[in-house]
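Work through the exercises below with the sequence and the coordinates open beside you.

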Amino acid sequence: MNIRVLSRVAPFALYMAFVALDELIRFLAGKGLFSITEQQMLYIYPLKVFSVAALLYLFRNRYDEIAPRELVKPSVVFAAFTAGIVVFVMWIHMDFPAATIGLLRGYNPNLATEEAVRRLLIMSRIAGAALVVPVMEELFWRSFLIRYIISHDFAKVPIGRFTWPSFLITVVLFGFEHNLFLAGILAGIAYNLLLYFTRSIAACIVAHGVTNLLLGIYVLQTGKWYFW
């Protein structure tokens, strides 16, 4: 695996490894092999976010497709914010049983008994969802995979090039990465369309960040932790 591929796959793979670790711990605890509380499980997320952020920082000079200068264009900014808001609105209405897979456990920082710890957990969750996850996922899905499906020499594929196989495969896989799979599929469609319209990974990161920030605010206001 060359460095171009590694730098875009490794952060995503590390994030998913933490997700698998979370499930493994719960499985083993359920078998009575050891005891762990839901409050203790909350601490996995800050560790996950810090680890992924550190890896992104390590590879930061490899991400030449992220061009902040693209965000000076009003049309790009408007499209990014519009896509982010639209996905957020769709997301909070896609929690019915037929649109979900697996158990929606959610992330409830109020399980922490100390106020300072609760604040830290909330801050790490918001920062992770709005800042780290959008960069990590957009680098993987809309910079790497959507182009890698077109050509294994993905760096030579222009950002935003459309083909039906790359569009459909990334949309479906992105959807089933989430428990709210229908919301994930619709989000994948929206972010892909934004990519084709703007030819900008930076715009996709902004849109994804807007969605997750609004979702975080919504969760904190409503207490619907399962959206986290």
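**Exercise 1. How far apart are R26 and D22 in helix α1, in terms of helical turns?**

Solution. Because R26 and D22 are four residues apart in helix α1, about one helical turn separates them, where helices (H or I, at least four residues) and strands (E, at least two) are DSSP runs, numbered from the N terminus. The model is a predicted one, in which local features need pLDDT of at least 70 and side-chain atom pairs count only at pLDDT 80 or more, whereas totals for chains, interfaces and linings use all residues. Residues are numbered from 1 along each chain as its sequence is written, and side-chain values use heavy atoms, with hydrogens and water left out.

The next step is the contact itself: R26 forms a salt bridge with D22 (a side-chain nitrogen of Lys or Arg within 4 Å of a carboxyl oxygen of Asp or Glu), and the closest N and O atoms are 2.8 Å apart. Both R26 and D22 are buried, where buried means under 20% relative accessible area, exposed over 50%, and partly exposed in between, with a 1.4 Å probe and protein chains only.

**Exercise 2. Which geometry does the pair of W141 and F174 have?**

Solution. A pair of aromatic rings is described by the distance of the centres and the angle of the planes. The structure holds 20 aromatic pairs, counted where rings of Phe, Tyr and Trp (its six-membered ring) have centres within 6.5 Å, with planes under 30 degrees apart taken as stacked, over 60 as edge-to-face and the rest as tilted. For W141 and F174 the centres are 5.7 Å apart and the planes stand at 90°, so the pair is edge-to-face. The pair links distant parts of the chain, since W141 belongs to helix α5 (residues 115–148) and F174 to helix α6 (residues 164–176), 33 residues apart. W141 is buried at a relative accessible area of 4%, and F174 is buried at 1%.

A second pair can be treated likewise: the rings of F144 and F154 have centres 5.1 Å apart and planes at 85°, so this pair is also edge-to-face. F144 lies in helix α5 and F154 in the loop between α5 and α6, so the pair ties together parts that are ten residues apart in sequence. F144 counts as buried at 5% relative accessibility, and F154 is buried with a relative accessible area of 3%.

To finish, collect the cluster: F12, F140, W141, F144, Y148, F154, F174 and Y191 form one aromatic cluster.

**Exercise 3. Over which rings do the charged ends of R125 and R142 sit?**

Solution. The criterion is that NZ of Lys or CZ of Arg is within 6 Å of the ring centre and within 35 degrees of the ring normal. The charged end of R125 sits over the ring of Y45, 4.2 Å from its centre, and that of R142 sits over the ring of F174, 4.8 Å from its centre.

**Exercise 4. Where do P11 and V206 lie, and is each buried or partly exposed?**

Solution. P11 lies in helix α1 and counts as buried at 1% relative accessibility. Its C-alpha atom is separated by 9.6 Å from that of V135, 124 residues away along the chain. V206 has its place in helix α8 and counts as partly exposed at 22% relative accessibility; V206 and L71 are 135 residues apart in sequence and 9.1 Å apart in space, C-alpha to C-alpha.
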